Structures are given as C-alpha cells and as structure tokens.
Amino acid sequence: MEEILRTVSLTKRYGRHAAVNNVSLSMGQGEIYGLIGRNGAGKTTLLKLICGLARPTAGDFSLFGERPPRQSLSRVGALIEAPGIFPALSAQENLMLKYTALGGRDKRWPQKLLDTVGLSNAGSKKVGKFSMGMKQRLGIALALVGRPDLVILDEPINGLDPQGIAEIRDMIEELNRTYGVSFLISSHILEELSKIATSYGFLHQGCLLQQVTREELAAKCREHIELIAQPTERACTVLEEMGISDYRVTQDGVIQIFERLGGSGDIAMTLMQQQVRVLSLCEKNENLEDYYLKLTGGQKHV
Ligand code: ATP
C-alpha cells in the first residue's frame, strides 16, 4: 500500500503546552484512518498541521511523498471545525461557488456530490435553515468538491443522532469504495469509527500512544484467555501439545489464547504438571471502548 501521509516527530506548542507532542504516524492510500482521542487530546491541532492551517513548532511531515508538502496540499480536502458556508445560499449554490473558485468546470460533479451526501432533495432551501446533520453533509461535500485524494474530517459525527451517524458512516464508506478517496477522521468515540476505520491512531495529551490496524485491534479486543507463564517458550510448547494453536504472544510476553475459553483451569493444571510457572491467568473480554479507556487510563465519560 502506497504511503500518502507520514508525520515525523510532529510537534505544536502553544507557550509551554504541547498540543501535539512528537507525533510520528503513517497512513496508506485507500485507508480510512481513525484518529481517536478525548477532548483536548490534540486531534484538531494535528489535523490543522497536516492541512497547512498551522505551522509545526518542531518535526515535519510528508504528503503523497512530498516533504515538506506544497503542491500536494491541493490533493487534500478538509472539514475542520465549522464548514465555511454561506447561510443565505442553497447547498447547490454553496458547492458551485467553491467548485468554480477551484477552477472546476464539470457542472455534473457538484450535483453528483449532492446526491452522494444525500442533499439532492434540499432544493433551494437556504443553508442557514439546515439541520446540524444537513450542515455536516454539506461540509463533507465541500471538502470533496475539489476531487481530493485525501479527505480530513474533524469530528464529522459530533452532535449527530444515531441515524445521522450511520448515514455519514455509509457515505464515507461509499466514497472510499467508489472513488478510492482516503480519509483521516478524528473522533472522541472509538465505537463510532470502529465499523469503517482500517487503521487507528490513539492520541492522548498530545502524544500518539499507539497506531494499530483494524485486524490488530480486533485481535486485542477478541475474547481470550490471557496467560503469563515462565518460561514462555515452554508454555507455548505445552499449549501446542494440548492441541491449542489459536494463540499469540505479545511483545510483553503475554500469551493470548483464543480457544478453550472457559477451560483456563485445565490449562493451568497442565502447565503446572509440566513444570511451567503460571504467574497469571485470566479470561478477557474487552470491548473497544474498554480497551481505549484502559489505554488512556481514563473513566467511561470522555
Ligand atoms: P476537542 O475534541 O475538544 O476539539 P482536540 O483533541 O481536538 O479536542 P485540540 O483542539 O487540538 O484538541 O487542543 C489540544 C490542546 O491545545 C488543548 O489543551 C487546547 O486548549 C490547546 N490549544 C489548541 N489550540 C490552541 C491555541 N490556538 N492557543 C492555545 N492553546 C491551544
């Protein structure tokens, strides 16, 4: 997968406070990258740096292989904070205005975008009278009007009801599938991006705690038995002798077993009979939100 974004020790300080602190992440072509963090974690600041709306204090980044990015910034469409819309104009007029300003000529494209974001029935209704969900849709259409290869959306589902969230999610997925557009999307609720994101970056107090793929995250959150035993290699051999093959050993030497759930007593007994010291053994069933809370050391409400 071609890399389209790489940040290298990217840092933004406001006075003594590092809003973004030494962040190194990478994102591939065609990905939907979920940037997850609580309020104040530094998501908006990081996205602004990547769009060229703020200048880094230290570090740098490349976009589509260009470092530092100049021409490649034109391949990025963004919706950060409130979309720049003219409330007295209709959705179509708003879109046409930006499209024309960007030098666009194919008049069918803004109309197609209105269809895609589900605003084709809005007609001549003034945008000032739009609901929050409609404004978000228009904001996303505006981010897309220049046919960008990478779309950056800052909390696009903030304040939407569950149906609105599902619709925006479907739309992002369709744009990704149909036009191959890559997305970098921030959210403070992991669950909301979990159905579509292909990779995640967890941001906390300005630092990137972890970057994982969808598959890695699924494995971390899958129901499993967590075993710490010594020596680890011997423990793995015993597990295999027991016919257990669906397991993995983490970098910290923790053995995660994804089968024989409910059978941890037998596993412990066999290991001990084979002179393996069992230091800890427990069954884990973490959902995404629990995992995220554990990672950031926090409470349920963020
Ligand atoms: P939220 O979800 O609340 O928007 P966030 O993760 O997007 O949070 P940022 O808006 O990037 O977080 O803010 C990160 C930190 O940097 C916060 O402590 C914020 O107060 C601070 N900050 C952001 N912009 C500025 C600024 N222009 N001047 C001073 N401090 C700032």
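This is a predicted model: local features need pLDDT of at least 70, side-chain atom pairs count only at pLDDT 80 or more; totals for chains, interfaces and linings use all residues.
Reader: Within what arc do the buried residues of helix 8 fall?

Author: Start with the residues themselves: A235, C236, V238 and L239 of helix 8 are buried. Looking down the axis of helix 8, they line one face, because their directions stay within an arc of 160 degrees.

Reader: Which exposed residues sit on the face of helix 8 turned away from its buried side?

Author: The buried side is covered by elements including strand 11 (224-230), strand 12 (247-249), strand 13 (255-257) and helix 9 (264-273). Turned away from that side, the face of helix 8 carries two glutamates that are exposed, E233 and E241.

Reader: Are helix 2 and helix 4 roughly parallel or roughly antiparallel?

Author: Helix 2 (residues 91-101) packs with helix 4 (residues 132-144), their axes 10 Å apart and at an angle of about 20 degrees. Angles under 35 degrees count as roughly parallel. Therefore helix 2 and helix 4 are roughly parallel.

Reader: How many nonpolar residues does the contact of helix 2 with helix 4 hold?

Author: From helix 2 come A91, N94, L95 and K98, which meet L138, A141, L142 and A143 of helix 4. In this contact, 1 residue is polar and 1 is charged, while the nonpolar residues number 6.

Reader: Is the crossing of helix 2 and helix 4 left-handed or right-handed?

Author: The two axes make an angle of about 20 degrees. As for the sense in which helix 2 passes helix 4, the crossing is right-handed.

Reader: Which residue does a cis peptide bond join to R67?

Author: Look in the loop between strand 5 (58-63) and strand 6 (76-79). Omega there is about -5 degrees, and the partner of R67 in the cis bond is P68.

Reader: Is F64 buried or exposed?

Author: F64 lies in the loop between strand 5 and strand 6, and has a positive phi near 50 degrees though it is not a glycine. Its relative accessible area is 12%, and under 20% counts as buried. So F64 is buried.

Reader: And is Q205 buried or exposed?

Author: Q205, in the loop between strand 9 (199-204) and strand 10 (207-213), has a positive phi of about 50 degrees. The relative accessible area of Q205 is 60%, and over 50% counts as exposed. So Q205 is exposed.

Technical notes: Residues are numbered from 1 along each chain as its sequence is written. Side-chain values use heavy atoms; hydrogens and water are left out. Buried means under 20% relative accessible area, exposed over 50%, partly exposed in between (1.4 Å probe, protein chains only). Helices (H or I, at least four residues) and strands (E, at least two) are DSSP runs, numbered from the N terminus. The arc is that of the directions from the helix axis to the C-beta atoms. Contact means heavy atoms within 4.5 Å. Axes are lines fitted to C-alpha atoms, for helices over the stretch in contact, and angles run from 0 to 180 degrees between N-to-C directions. Angles under 35 degrees count as roughly parallel, over 145 as roughly antiparallel, 65 to 115 as roughly perpendicular and the rest as oblique. A crossing is left-handed if the near helix is turned anticlockwise from the far one by less than a right angle, and right-handed if clockwise. Ala, Val, Leu, Ile, Met, Phe, Trp, Tyr, Cys and Pro count as nonpolar, Asp, Glu, Lys and Arg as charged, and the others, Gly among them, as polar.
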